[in-house]
Amino acid sequence: MTDAIDTPDDATLADLPNPKGPHDLLSKFKPLINEREALLATGVRDPFSIVMTEVKSPTLAVIQGKDTILLGTYNYMGMTFDPDVIAAGKEALDKFGAGTTGSRVLNGTYQGHRECEDALKEFYGTDHAIVFSTGYQANLGVISTLAGKGDYVILDADSHASIYDGCWLGNAEIVRFRHNSVEDLDKRLGRLPKEAGKLVVLEGVYSMFGDVAPLPEMVAVAKKHGAMILCDEAHGMGFFGPNGRGVYEEMGCEKDIDFVVGTFSKSVGTVGGFCVSNHPDFEVLRLVCRPYVFTASLPPSVVATAATSIRKLMHAGDKRAHLWKNSKRLHQGLRDLGYTIATETAQSAIIAVMLPDQEKAVMLWQALLEGGLYVNLARPPATPAGTYLLRCSLCAEHSDEQVGQILAIFAAAGRAVGCIA
């Protein structure tokens, strides 16, 4: 057996001549670096480095010294400034300190973590709940643990990055179907070995376009082919369904979904992730799920705010109704102005304004910001190739007056940059 590199006995790799220098591992990103530099050279602000120097409420912040309406925060139910939520966090900080410094399976489970999981079980009406440190880790951990080598994960082509990463971590075979196509899902499931383990991963609301999945039809197809089903309700929790559980509750699929994954960083208003289930062996995940076992647990103040927020969301019918009113009004108002919206009607709290290219998207984004409105600029790879959009995410705390202001800012900015007549 020979060494990969032959060196003199007294030499090290550092001693060897390297006339070309080390290979730059960041060189593969040069096209993106050049594209960004060319964009900023035109004088526009960097859409991905906005700093909020003060946050006054769920809907208002100070950006570069100017009061700015927030329309790109995912703070759907406006829980970030709820007095009970803030008080719970302060009390836990005083009582348990700033952090756990450990994994959930070692020293990282405090009373608050169990209380948070109890709140989730009550909210979702399930037997089991497990809390992760982020929503990303929830998908990463659950999918990679359920589906390993030799298993198949069947997912929508527009699935979130955390879903794809969960497939890769578990080394499962990835089978994509066309976005929201029941027919394509059926066809691709039909090609797989009948005896193989299969996990169909769906999302209640897709975060880029704000459209919802046809869950009843997809669930029926998955069950026909003997697949288990995981539904990601990150963008559905809080305002879909009678209890705010998500699109799967709204569409009557609760008994047929095996695992529901979600996040605390949207409607709950803090940070963290979770999975709930009625599977009798679900608790084994605490021993075999790597992103759960090998990650420090959430600080006590965070799980305290999450538990309090979740319990309040059980009784948030008025907030849900107001959020839907906001969404329908803004969607129709933008269409009336002449903007192209990703969905024909308001399907969620996400409204995606479609633009023809990156230049127009950035110009409109900056004009909106200068007018006092912050939205998200989305581009590939977060969106499909060649797709550029401004993503608006409404909040239950947006007042009727603010929605009117938002439409007025869109009207002025769109005309100024030539996006609308």
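User: What does Phe 410 touch, not counting residues up to four places away in sequence?

Analyst: Phe 410 touches Leu 71, Leu 334, Leu 337, Tyr 339, Val 353, Leu 368, Leu 373, Val 375, Cys 392 and Ile 420, where contact means heavy atoms within 4.5 Å. This is a predicted model, in which local features need pLDDT of at least 70 and side-chain atom pairs count only at pLDDT 80 or more, while totals for chains, interfaces and linings use all residues. Residues are numbered from 1 along each chain as its sequence is written, and side-chain values use heavy atoms, with hydrogens and water left out.

User: Which residues touch the most other members of the largest nonpolar core?

Analyst: Phe 264 and Phe 410 do, in a core of 95 residues; a nonpolar core is a set of buried Ala, Val, Leu, Ile, Met, Phe, Trp, Tyr and Cys residues joined through side-chain atoms within 4.5 Å. Helix 13 (residues 358-370) gives the most to this core, with 7 residues, helices (H or I, at least four residues) and strands (E, at least two) being DSSP runs numbered from the N terminus. Apart from this core lies another, of 23 residues, including Val 142 and Tyr 164.

User: Why is Arg 286 called buried, and what does Glu 283 count as?

Analyst: Buried means under 20% relative accessible area, exposed over 50%, and partly exposed in between (1.4 Å probe, protein chains only). Arg 286 has 10% relative accessibility and therefore counts as buried, whereas Glu 283, at 33%, counts as partly exposed.

User: What makes the pairing of Arg 286 with Glu 283 a salt bridge?

Analyst: A salt bridge is a side-chain nitrogen of Lys or Arg within 4 Å of a carboxyl oxygen of Asp or Glu. The closest N and O atoms of Arg 286 and Glu 283 are 2.5 Å apart, so the pair meets that definition. Both residues belong to a network of salt bridges that also links Arg 104, Arg 114 and Glu 117.

User: How do you know that Asp 84 and Lys 312 tie together separate parts of the sequence?

Analyst: Asp 84 forms a salt bridge with Lys 312, the closest N and O atoms being 2.8 Å apart. Asp 84 lies in helix 2 (residues 83-96) and Lys 312 in helix 11 (residues 300-313), so this pair joins parts that are 228 residues apart in sequence. Asp 84 is partly exposed, with a relative accessible area of 44%, and Lys 312 is partly exposed at 31%.
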